[in-house]
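Here are my notes on this model, as numbered points. Have a look at the structure first, then read on.

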Amino acid sequence: MMRLLLKLTASIFFVPLLLSCNSGSKKEKKESEIAYTEYDQYVTDFEKDSLSETELRAMQDDSVSWAQMQQTRAENYQALRQRVEQYNDKYEPEEQEEIQDLKDRYNVANENRRRKQLEASHRYKLRRQLLGMEIQQDDLSDLAPESIAATYERFIAGVTQNATQYETRDWNLIEGWWSALNSRYIAVEKDLGQEARGSIEKAKARYQEIRKETASR
């Protein structure tokens, strides 16, 4: 009778403890699933995210804000990553492999974005040097007729100074801007005076000389 009483007493204390452990285990399991899902979604969205031309230009205009955005994104990723690692022992081996794969995917996507940022930074720096910061439209439709002669002079001065330093990728960009500049000239030529037209024709002749010189190197 005493043994039965002891067993009954032990069970009274053990059952709530067991229920409490099960409840805690289920809660951790649910939290680990949420952590994994959020981490997976973050990496997937980041892979799909593409920097728009507007964002790339904004990056050049406000480098401080851009740097802060980059830092915030990195901090958000680390928080999600650490949260997943906190529940690492709750995941099956297959899930642990998937988590490692997500980390690798994020690193690849992050490197691709960094490379794109560097390319954009180089492109806009060169564009500002040759055309000026006041020009925003790719077709140069916002270039006023009274400013086009000065823009040609600026363009030629920049190309002349740095021609020997340009790489093939630079010349590809320069040729595109030069073509757009000439198209804009054709569109506004009727509004220009003789002095402006003469200055532009000299700049065009000088550009052809430079391209011949660089082609022979």
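1. Let's start with a pair of rings. Phe155 is buried, and Trp178 is buried too (buried means under 20% relative accessible area, exposed over 50%, partly exposed in between, with a 1.4 Å probe and protein chains only). Keep in mind that this is a predicted model: local features need pLDDT of at least 70, side-chain atom pairs count only at pLDDT 80 or more, and totals for chains, interfaces and linings use all residues. Residues are numbered from 1 along each chain as its sequence is written, and side-chain values use heavy atoms, with hydrogens and water left out.

2. Next, the other aromatics. Tyr166 and Trp171 make an edge-to-face aromatic pair, at 5.2 Å centre to centre and 85 degrees between the planes. Rings of Phe, Tyr and Trp (its six-membered ring) pair if their centres lie within 6.5 Å; planes under 30 degrees apart count as stacked, over 60 as edge-to-face and the rest as tilted. Tyr166 is buried, as is Trp171.

3. The structure holds 11 aromatic pairs. For Phe155 and Trp178, the ring centres are 5.3 Å apart and the planes sit at 40 degrees, so this pair is tilted. It links distant parts of the chain, with Phe155 in helix α5 and Trp178 in helix α6 (residues 168–188), 23 residues apart. Elsewhere, ring pairs join Tyr39, Tyr42, Phe46, Tyr77 and Tyr106 into a cluster.

4. Now the overall fold. The protein has seven helices and zero strands, and along the sequence the pattern reads α-α-α-α-α-α-α. Helices (H or I, at least four residues) and strands (E, at least two) are DSSP runs, numbered from the N terminus.

5. Some totals. Of the 217 residues in the protein, 31% are buried. The protein exposes about 14,300 Å², with carbon and sulfur atoms supplying 52% of it; the areas come from the Shrake-Rupley method with a 1.4 Å probe, and for residues only the protein chains shown count as cover. Among contacts with a separation of 6 or more, 77% are between residues 24 or more positions apart, where contact means heavy atoms within 4.5 Å.

6. How do α4 and α5 pack? Helix α4 (residues 93–131) and helix α5 (residues 145–162) meet at an angle of about 125 degrees, their axes 7 Å apart. Axes are lines fitted to C-alpha atoms, for helices over the stretch in contact, and angles run from 0 to 180 degrees between N-to-C directions. The two helices are therefore oblique to each other (under 35 degrees is roughly parallel, over 145 roughly antiparallel, 65 to 115 roughly perpendicular, and the rest oblique). On the α4 side the contact uses Arg128, Gln129, Leu130 and Leu131, and on the α5 side Thr151, Arg154, Phe155, Gly158, Val159 and Asn162.

7. Arg154 is found in helix α5 and, at 37% relative accessibility, counts as partly exposed. Neighbours within four places in sequence aside, Arg154 is in contact with Arg128, Gln129, Leu130, Leu131 and Gly132. Arg154 and Ala203 are 49 residues apart in sequence, yet 9.6 Å apart in space, C-alpha to C-alpha.

8. Is Gln70 buried or exposed? Gln70 lies in helix α3 (residues 63–86) and counts as buried, at 19% relative accessibility. Not counting residues up to four places away in sequence, Gln70 touches Arg113 and Gln117.
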